[in-house]
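These are my notebook entries on a single protein structure. I set down each look-up in the order in which I made it.

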Amino acid sequence: MAYSSINTSKVDSFIPEVWLNEAITALRGYLNLAKTVRRDMDSAVAKFGDVIHIPKTGTLQVNNKVTNTEVTRQAPADDEVSVTLNKHKEVTFLIEDPARAMANQDIRQLYIKDAVIALAEAVETDLVSEYANAGDDYDFDDSTEAKVVNSMLYIRKFFVDAKAPKLAPKLLYASPTLINTLLSVNKFTKANEYGSRSPLVDGALGDMFGIQAFESQLVPATGSPATEHNLAYTEDAIALVMRPLPTDGNGEGVTQTVVTDPESQISMRLTSSYDANALGRQVTLDILYGVKTIRPEFLLDVKLD
């Protein structure tokens with residue numbers, strides 16, 4: 001009877017770039033808040049603690065052009081915001097049967113999915129924590145249907161009063177509790193008032209007075225009884241700054257690879273080594289980034305008791 005064995009070619013089928021590309025593609029799908037804030041991504045390698053300076057542009061005005069006169073040159077008061085790369089998040093797992101995991105795409109994707117969900121939640125949690133730096137806060141009144149509508153109108157007016165760009169998307173990062181409250185309002189779900197059956201069919205909300213809401217389980221709550229901190233914001237309110245990590249750990253049985261997603265510009269590093277004590281391959285996925293509020297006047301802490 002012939003016995004089969006795991007040969008070198010099967011073990012060598014571990015291709016870091018394949019794992020990373022699959023991980024980044026999956027991560028892109030799990031991020032919500034991170035896809036709608038201002039992102040500053042660059043190919044320059046950085047390390048933990050580096051400070052990145054991102055521009056904060058001034059205001060330009062429209063002037064009348066008078067015949068036979070020069071245009072009116074402006075020097076807007078540009079500024080810059082310093083963002084420290086102080087968020088280094090990693091997920092490490094050990095594969096005790098490396099040959100099987102490398103050869104089986106389904107098993108590989110299970111490992112990646114678990115790691116990616118953890119990383120995505122870390123990024124989202126850091127971003128939503130910026131509610132503490134919001135320019136203002138508001139107690140959302142959900143006592144009656146009319147009060148809910150008035151609360152959404154208040155959020156709409158907040159952006160108008162803050163002079164947020166008219167064409168900039170206005171967004172609401174909302175908890176399941178707040179989404180359920182909004183879904184219970186006829187004006188936001190009834191086909192003849194909303195203009196679409198989408199909320200009823202999909203359980204999703206579309207445009208409400210120019211505000212797009214999307215649901216997250218990561219909305220923080222503080223105090224007792226708990227108060228939720230939902231976020232109303234525009235893209236320019238918060239910055240997510242991400243840089244690739246160095247890959248100078250090659251050698252000594254350690255392999256490091258960095259891949260940057262061409263669509264989202266997210267950079268992720270994979271470090272792999274064989275652990276002789278555990279008789280398995282140790283894999284680490286990690287990312288480096290910083291988060292900072294840059295326009296608090298476009299950020300509203302929407303509190304819900």
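**Entry 1: terms and confidence.** I count a contact wherever heavy atoms lie within 4.5 Å. I note at the outset that this is a predicted model. I looked up the confidence, and the mean pLDDT of the protein is 84, with 83% of its residues at 70 or more. Among the elements, β15 has the highest mean pLDDT (98), and helix α9, residues 198-202, has the lowest (41).

Entry 2: I found pLDDT under 50 over residues 1-11, for which the model has seven contacts beyond four places in sequence. The pLDDT is also below 50 over residues 197-203, a stretch with ten contacts beyond near neighbours in sequence.

**Entry 3: the nonpolar cores.** Which residues have the most contacts inside the largest nonpolar core? I recorded Leu-172, Leu-182 and Tyr-233, in a core of 69 residues. Helix α4 (residues 105-128) gives the largest share of this core, nine residues. There is a second, separate core as well; it holds eleven residues, including Ile-52, Ile-54, Leu-85 and Ala-239.

**Entry 4: Leu-172.** I then listed the contacts of Leu-172, leaving aside residues up to four places away in sequence. Among them are Met-152, Leu-178, Leu-182, Ile-211, Phe-214, Leu-231 and Val-302. Gln-212, Ala-213 and Ala-232 are touched by Leu-172 as well.

**Entry 5: Asn-230.** I looked up Asn-230 and placed this residue in strand β10, residues 227-233.

**Entry 6: salt bridges.** How many salt bridges does a search of the whole structure find? I noted eleven. I examined three of these pairs in turn.

*Asp-126 and Lys-87.* The closest N and O atoms of this salt bridge are 3.8 Å apart. Asp-126 lies in helix α4 and Lys-87 in strand β4 (residues 87-95), so the pair ties together parts that are 39 residues apart in sequence. Asp-126 is buried at a relative accessible area of 14%, whereas Lys-87 is partly exposed at 23%.

*Asp-139 and Lys-303.* Their side chains meet in a salt bridge of 3.8 Å, N to O. Because Asp-139 belongs to strand β5 (residues 136-139) and Lys-303 to strand β15 (residues 299-304), the pair ties together parts that are 164 residues apart in sequence. Asp-139 is partly exposed, with a relative accessible area of 47%.

*Asp-286 and Arg-269.* I read an N to O distance of 2.7 Å for this salt bridge. Asp-286 sits in strand β14 (residues 280-293) and Arg-269 in strand β13 (residues 267-275), 17 residues apart. Asp-286 is buried, with a relative accessible area of 3%, and Arg-269 counts as buried at 10%.

Methods. Residues are numbered from 1 along each chain as its sequence is written. This is a predicted model: local features need pLDDT of at least 70, side-chain atom pairs count only at pLDDT 80 or more; totals for chains, interfaces and linings use all residues. Side-chain values use heavy atoms; hydrogens and water are left out. A nonpolar core is a set of buried Ala, Val, Leu, Ile, Met, Phe, Trp, Tyr and Cys residues joined through side-chain atoms within 4.5 Å. Buried means under 20% relative accessible area, exposed over 50%, partly exposed in between (1.4 Å probe, protein chains only). Helices (H or I, at least four residues) and strands (E, at least two) are DSSP runs, numbered from the N terminus. A salt bridge is a side-chain nitrogen of Lys or Arg within 4 Å of a carboxyl oxygen of Asp or Glu. pLDDT is the predictor's confidence in each residue, from 0 to 100.
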